[in-house]
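Let's take a walk through this one together. Have the sequence and the 3D view open as you read.

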Amino acid sequence: MPRPISVRIHPEAVRHNLQTAQRSATGARVWAVVKANAYGHGIERIYPALAGADGIALLDLDEAVRVRELGWTRPILLLEGIFDSADVATAVAHRLTVAVHCDDQLALLATSRAQQPIDIQLKMNSGMNRLGYRPDAFRAAWERARATPAIGKIALMTHFANADDAAIDSINSIDWQLDRFDAATQGIPGERSLANSAAVLWHPRAHRDWVRPGTILYGASPTGAARHIEGIGLRAAMTLASRIIGVQTLAPQETVGYGRTYEVEQPMRIGVVACGYADGYPRHAPTGTPIAVDGVRTRVIGRVSMDMLTVDLTPCPNAGIGSPVELWGEHVKVDEVAEASGTIGYELMCAVARRVPVEIGALAAEPHEAAESATA
Ligand SMILES: *Cc1c(COP(=O)(O)O)cnc(C)c1O
């Protein structure tokens, strides 16, 4: 029997979350962002859930080709554009829309001799200072793109820098970038694509023609804080599940795990879970990080080791060897584990290790529903 750990992917949750994003940005078309292999969920696994999207956005050329081969006929956007001249032919052959963030990319596209022009999203650096033309250089870049025969439709894009508490606070978050974008693009025709997940949820002013939600499609919080998406109705698209494989009954003053960082105060039953940092669970998760055993929330205690971690069984006295454990999913949000560990849900979802077997689950259970996810 394999180690009792698995990651369950819930395509129906993605479908539901996509609809939630669409309701939040009514009137805008949606690029479903599936970079990093759909934030660790697997593009092929969640692909059926994307049927309602208007386009699919990602980074890698090979991922784009995979999406075409799955039968996707609507637009595909390469968020960082192309990297060398060989990419031009692939982009043409697969009808990819490419971001263009600098003159080098414009020059690459200009070499295309293909009949079919390439649609682009001209990217402005409105303050993030990663990729894009600065506002004062944007209009000239647009003129050059327009004069390039190999280029077809030109849309205008930018990306917002705030993904923390400020993402919800309009004044301090994206308005300054939006103002710069609007000023520098005034009078330039073309569709606009600005909003990431945070802007989809909290900034209608940024919705425009196309929005680009990523993390909310998977049920995670754009700010990294679970409380910020409470009540929005997003569902977890990933459950990291395992089982208890050992139980210890400890007396006061005994310690748990490497470094002896947790000392027992009262007699305590603890469970040993088959999941460690080599599975993608964060080693930095401290004592107190939430975890669910038998559907009951409890806490991690002691240090996370490579293949195991330990939990307090006090709130679930009937738990024993074989009891199911949810590391994150519907009972414990990935963002809660991330927050406790000093990171964000995005990173944890992307980092589940290859050695963890994947199952395709049914719809993640709603809070009041008894239905458990199917384990194929
Ligand atoms: C990753 C990415 C997104 C999606 O961001 P989320 O915060 O996950 O919604 C949107 N646009 C661009 C350019 C990106 O790189």
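Is Asp-179 buried, partly exposed or exposed? With a relative accessibility of 42%, Asp-179 counts as partly exposed (buried is under 20% relative accessible area, exposed over 50%, partly exposed in between, with a 1.4 Å probe and protein chains only). Before going on: this is a predicted model, where local features need pLDDT of at least 70, side-chain atom pairs count only at pLDDT 80 or more, and totals for chains, interfaces and linings use all residues. Residues are numbered from 1 along each chain as its sequence is written, and side-chain values use heavy atoms, with hydrogens and water left out.

Asp-179 has a salt-bridge partner in Arg-205, with the closest N and O atoms 2.6 Å apart (a salt bridge is a side-chain nitrogen of Lys or Arg within 4 Å of a carboxyl oxygen of Asp or Glu). Arg-205 is partly exposed too, at 38%. Both belong to a salt-bridge network that links Asp-175, Asp-179, Asp-182, Arg-205 and Arg-208.

Now for the barrel: eight strands close it in the order β2-β3-β4-β5-β6-β7-β8-β9, with parallel pairing (strands are DSSP runs of E, at least two residues, numbered from the N terminus; two of them pair if DSSP finds at least two bridges between them). Within it, β8 (residues 192–195) and β9 (residues 210–211) share two bridges, and Ser-193 sits opposite Trp-210 in β9.

Elsewhere, Glu-359 and Arg-8 join side chains in a salt bridge (3.3 Å, N to O). Glu-359 is in strand β18 and Arg-8 in strand β1, so this pair ties together parts 351 residues apart in sequence. Both residues are buried.

Technical notes: Helices (H or I, at least four residues) and strands (E, at least two) are DSSP runs, numbered from the N terminus.
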